[in-house]
Protein chains: 2
Amino acid sequence: MNSNAQWLARRITSLGLSVRRITVVGDDVDEISVAVLEAIQRKPCFIITTGGLGPTFDDKTLDGIAKALGRKLREDEKALEMIKGKYQRYVDEGRIEKFELTPPRIKMAKIPEGAETFYNPVGTAPGVLARHEDVNLVMLPGVPEEMKAIFDGSVEPLLRRIAGNVTFFEASIQVKRIPESDIAPIIDRVMRDNPYVYIKSHPRVGGKVPHLELHLSTTSRNPEEARRRVSGALIQISELIQQKGGDVKPTKA
Amino acid sequence: MNSNAQWLARRITSLGLSVRRITVVGDDVDEISVAVLEAIQRKPCFIITTGGLGPTFDDKTLDGIAKALGRKLREDEKALEMIKGKYQRYVDEGRIEKFELTPPRIKMAKIPEGAETFYNPVGTAPGVLARHEDVNLVMLPGVPEEMKAIFDGSVEPLLRRIAGNVTFFEASIQVKRIPESDIAPIIDRVMRDNPYVYIKSHPRVGGKVPHLELHLSTTSRNPEEARRRVSGALIQISELIQQKGGDVKPTKA
């Protein structure tokens, strides 16, 4: 679950969009519904959920979302066809013996009224898209391979349309022999001098000497501009750290 | 950040307490303050934060918490002594050349009014404990080694006092050759027959045959009772799965 959120945050950020909040709740319809309502009130472009779309009783995401939106769950023809096709393929491949359309399988085709499905090229439960006012609610399965496949195939194109042609550019450096508290005023100055560059410091523990990583990033509609901004800030911060006796080297990708 | 949340959730659950929500926000005083206010309204026993206690400008947790609680930040004598002692030790060990009490270092000693500090045996920034009505707000550093050391030394004893002598007991089994949708009704039945046992299924992708992990858990004041409940449910579910043609084996620890 957590690595799903991390993977999504990285992918969304690299599109030039920003992730405002990540929330994890238990398998409880009310908790899910309240968390989704709170998220809707923050008026984001997208709310993306992972997990809870499968056939078992603890898969409660669609129930929770339907409750938050004040909609009913209804059996979706297209989703049912996808699920039937998937299990038929498992039978053909000899992975399971026979196939019946049992209630737990039909459950995966019950999506909130007015919602659409995304094709799941890896597993059985389809992804779901519901629109509520200006918010796009995207529901993805929790199995990482399925979540990633639906994101790549169906969700990223939607996000790109929102993000337009914004480019995200980032660079990291490793800094040694100078404690974080001495770098703090340097970061302040470089951020003041480079107003479009965001700098984040990540202290690292272990080893005899103080060690941290600085991460510089920016977004711009002009890729060359984004690169120039980060490079300029990188040169300035490296010089200031070296003047204070610190060692600087680029982080290996 | 995410592995911190995962580590904490596991430790807290194993004490017999339950984690209701995990929230991740950016380095923004207002976002932190709003998230903390929302959490307080859910009236938990504990709110634990990680990260944002260091000397740099992006360390905004204490600002955000002070804002949420309507308190000011004040310089804490004990925290300042801890920080001085730490840097003096770094100088003695030759890790840094000299030590001055610069504003970024003093920043780490500014905690919300009425709050207390926890000793940080690994790094510089102390942990913080603030009480608000019946909620204990615990602030831990983001560096995992520091977070874990303060949790083990200072936070776990507080949690144990709340949890009393509740025991958490869990077991997992690997299930093959039966799809999750056929296990769903079996889980329903076993949970009905074993009302104190919670069962969660985790589908696994890959391989030729359907494969999933079932996780059974319970909490009880009587450790023997907790073990008996989980064992009973485990035997029943294994038999029902085998009757349906599935393979069951225990998960290696």
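How many bridges join β2(B) to strand β7 of chain B, and in which sense do the two strands run? Five bridges join them, and the strands run parallel. The model is predicted.

**Interface between the chains**
- Contacts link 41 residues of chain A with 41 residues of chain B.
- On the side of chain A that touches chain B, the elements giving two or more residues include α1 (2–14), β1 (21–25), α6 (144–163) and β9 (198–204) of chain A.
- The largest share of that side, seven residues, is provided by α7(A).
- By residue class, the side of chain A that touches chain B comprises 19 nonpolar, 10 polar and 12 charged residues.
- The copies meet through the same surface, because 100% of the interface residues of chain A are also interface residues in chain B.

**Strand pairing across the interface**
- Five bridges pair β1(A) with strand β1 (residues 21–25) of chain B in the antiparallel sense.
- T23(A) has T23(B) as its bridge partner in β1(B).

**Strand pairing within chain B**
- Strand β2 (residues 46–50) of chain B is mostly covered, with four of its five residues buried.
- The partner strand of β2(B), β7 of chain B, spans residues 135–140.
- In β7(B), V138(B) stands opposite I48(B).

How values were computed
Residues numbered from 1 in each chain as written. Chains lettered and ligands numbered in written order. Predicted model: local features only at pLDDT ≥ 70, side-chain atom pairs only at ≥ 80, totals over all residues. Contact = placed C-beta atoms within 7 Å. Buried ≥ 20, exposed ≤ 12 C-beta atoms within 10 Å, placed from the backbone. Pairing = 2+ DSSP bridges. Nonpolar A, V, L, I, M, F, W, Y, C, P; charged D, E, K, R; others polar.
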